[in-house]
Amino acid sequence: MAELLLDLFCEEIPSGMQARAAEDLTRLLEQALVPLNPRTIRGFYGARHIAASLEVDESIPARTLSERGPRENAPEKALAGFCRKHGVSPDALTKENGFWVLHRTLPPINAAALIAEQLPELLWKFPWPKAMRWGNGSLFTWVRPLHHIACVLDGQTVPFSLARQDDDAHGLTSGNVTEGHRILSPGTFTITNTAQWLRDLEARHVILDEQKRADLIRNGVHKLAEDKGLKLVEDEGLVQEVSGLVEYPVPLLGRIDDTFMDLPPEVMQVSMRVNQRYFALRTQEGKAAPYFAFVANQSFTDAGALCIAGNERVLRARFADARHFWDLDRKTKLAERVAALGAVTFHAKLGTQKERAERIATLAGLIATDMGLNEEQIAHAKRAGLLAKADLTTGMVGEFPELQGVMGGYYAAHDGEASEVAQAIAEHYMPRGLNDQTANAPISIAVALADRLDMLAGFFTIGETPSGSGDPYGLRRAALGVIRTIRDNGLRLDLGHLLSKAAIPHASKAGKDSALEDMDGFFIDRLRVQLRNEGRRHDVLDATLAVTQALEGTTLFKHLDGDLVRLLNRVEALSAMIGTEDGKNLLAAYRRANNILRIEEKKDGPYAPTPEAHLYVQEEERALDDALKEAGPIIDAHLKKEDFTSVMQHLAALRPVIDRFFEAVTVNADDAAQRSNRLRLLKRFSQSGRLIADFSKIEG
């Protein structure tokens, strides 16, 4: 066993490319060195290093390879071609089982030789998303200029060159040196093994362990905030990004001038994050604090005073730009900006943002009506829908697109719009991500749903639907936003009806008559994804959908109940039941009954669920019939009240009766009339379950 260390040292690598590069390096090394049985593979990455450490066999032992050639009676040309391919004469072949066979004994190969053979090609073809050329003449590319290739096997350099024919590949050859921190520890040092390499890198101010680097950043900025009695605005994405920018993280705290503290906190946070990679702080009451945290890439003899002053100066300039947009944007009322949306194309086939705003306004009014809101609230929903996209024409959103909606809310409040309208504009993009909260104010809900439903209906109508992993318009995210908003707020809406209404303005643009039919399956898939993300069983959803009918009046969905709250309540009740012992046994009984019926109905079915009492000859038959007659009306009553838990309880109560039936009764009796009657009784039992789900679709 030998330890191989490969350290690729170059200029600063973009933060977002580092983790993937380390994964690619370990994967490609494992593939290239398969004959050496690579194991214990570890990847490392940082601002200037991409590296891997692994264990390999010291050599490939001598071995015999056999390759079958043409048949014995094949034409001479075929035999000659096989020999030419392998560089042997026909005398080297033997006859085995009617074929010519070549046996070759290969000498042992030491690990260093195979590594030196494989690595140049691996590095030439390394899959950077973007790579560059540098210097003069070479076609070798890397993400940034590559300076050192350290390749060490059990303390010894594995020598190889990247040169190819007339291409010197910048003179790059392997060695056993790398570099530490550019400023704090300049110069090269020698590598002997992985442990020494990591230890000496850290001594030279390079923390190559990504988790340790991120922890230093995360814990450091938290401590700075706590020391001031403040709270950090959590931003794990920023932690990971900054971790890829620094080799030796040193968190520092700067102060924000009081003259900028009247800017909206979202503006301050986004400006700091996007432009400078700074962390925002809040007071204990949740208000913006006059401080910011940042991470330097070195330590300082003056405790960072000069560095802090420089960053404060830069931030003043950034905030001055933000104030310019803030003051300028408020000179034009949001309502006056709606006309300007006519010059902003939403989509070539779906019109301008102004046309979209008008559609959202109309749809928000319909949703507000269906939600049972009063006339004033409906008017507010329409107003908010019309103004929701107006901030797209502002300078602030042009500079920081992340602030769409948020700035509209501030500008609407400044213009004197109703507080509910301003809130709805600010919140209509919620949820922005998987872990974001959904809107919960009534007007905000109506506008948030209208925004997404218009987009979904429009793009499905023109045939621009997601395919494979491609979803350029974010329709999957929009559908999940609709589902989450409806669920989180317990909205009893007919989703199919609303989508049909949303599609009306696009009817003339439909690419096909059934353009919206795919929406049924699309929302079912999104429900499956949502349930899977929550750790729930999506097969229970499929079982429920198999017997669910769309609401009366719905023109869109064929399988999905447009009332998602009702549908998911059924799923929840079914999940709870099959998690119990009675539920599991009842599920097995339904499956048994369905299997018998499926087999027998192929012979002489189908069987109507109307057994005749006078044909019963065993008490267990009568007991099952009585139990089904008693449970039927009760189950129907609970279904009408949407009390699905009680439905499940009454179905579960059938378990002991059906168990006794299967234990005592032979369904396929010799008497034809008895057999038919018992199959009809099983059909009635099977249909009692289909009032709530198709149990055959439940896994396990």
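# Close-up views of the predicted model

**View 1. Strand β9 and its neighbour β10.** In β10, Thr-157 is the bridge partner of Val-152. Helices and strands are DSSP runs numbered from the N terminus, a helix (H or I) having at least four residues and a strand (E) at least two. Strand β10 covers residues 156–157, and two bridges join it to β9 in an antiparallel arrangement. The two strands form a hairpin with two residues between them, and Asp-154 in the turn has a positive phi of about 50°. Before we move on, please note that this is a predicted model, in which local features need pLDDT of at least 70 and side-chain atom pairs count only at pLDDT 80 or more, while totals for chains, interfaces and linings use all residues. Residues are numbered from 1 along each chain as its sequence is written, and side-chain values use heavy atoms, with hydrogens and water left out.

**View 2. The other partners of β9.** Strands count as paired if DSSP finds at least two bridges between them. β1 and β9 pair over seven bridges in the antiparallel sense, and Ala-150 in β9 is the bridge partner of Asp-7. With β11 (residues 174–175), β9 pairs in the parallel sense over two bridges; here Ser-174 of β11 is the bridge partner of Ile-149. How many of the eight residues of β9 are buried? Seven are, and the strand is mostly covered. Here buried means under 20% relative accessible area, exposed means over 50%, and partly exposed is in between (1.4 Å probe, protein chains only).

**View 3. Phe-126 and what it touches.** Phe-126 sits in the loop between α3 (111–124) and β9 (146–153). With 9% relative accessibility, Phe-126 counts as buried. Leaving aside residues up to four places away in sequence, Phe-126 touches Ala-21, Asp-24, Leu-25, Leu-28 and Trp-142. Contact here means heavy atoms within 4.5 Å. For a sense of scale, Phe-126 and Leu-491 are 51 Å apart in space, C-alpha to C-alpha, and 365 residues apart in sequence.

**View 4. Helix α1 and its cover.** Helix α1 (residues 15–32) has 18 residues and reaches 27 Å from its first C-alpha to its last, close to the expected 26 Å. The expected span is 1.5 Å times one less than the number of residues in the helix. Among the buried residues of α1 are Ala-21, Asp-24, Leu-25 and Leu-28, and Phe-126 touches these four residues. An α-helix has 3.6 residues a turn, so residues three or four places apart point the same way. The elements that cover the buried residues of α1 include β1 (2–10), β2 (39–45), β3 (49–56), α3, α5 (210–227) and α6 (236–243).

View 5. A salt bridge is a side-chain nitrogen of Lys or Arg within 4 Å of a carboxyl oxygen of Asp or Glu. Arg-356 and Asp-451 meet in one, at 2.2 Å from N to O. This pair links distant parts of the chain, with Arg-356 in helix α10 (residues 353–370) and Asp-451 in helix α15 (residues 442–461), 95 residues apart. Arg-356 also forms a salt bridge with Asp-454, with the closest N and O atoms 2.7 Å apart. Asp-454 lies in α15 and Arg-356 in α10, so this pair ties together parts that are 98 residues apart in sequence. Asp-454 is buried at 2% relative accessible area, and Arg-356 counts as buried at 4%. Salt bridges with shared partners join Arg-356, Arg-359, Lys-389, Asp-451 and Asp-454 into one network.

**View 6. Helix α15 from end to end.** The end C-alpha atoms of α15 are 28 Å apart, which agrees with the 28 Å that its 20 residues should span. Helix α15 is mostly covered, with 19 of its 20 residues buried. Just after α15, Gly-463 takes a positive phi of about 85°.

**View 7. The salt bridge of Arg-337 and Asp-329.** The closest N and O atoms of this salt bridge are 3.9 Å apart. The structure as a whole holds 49 salt bridges.

**View 8. Confidence along the chain.** The protein chain averages a pLDDT of 91, and 97% of the residues score at least 70. Over residues 550–554 the pLDDT is below 50, and this stretch has 10 contacts in the model beyond near neighbours in sequence. pLDDT is the predictor's confidence in each residue, from 0 to 100. Where pLDDT is low, the predicted coordinates should not be read in detail.
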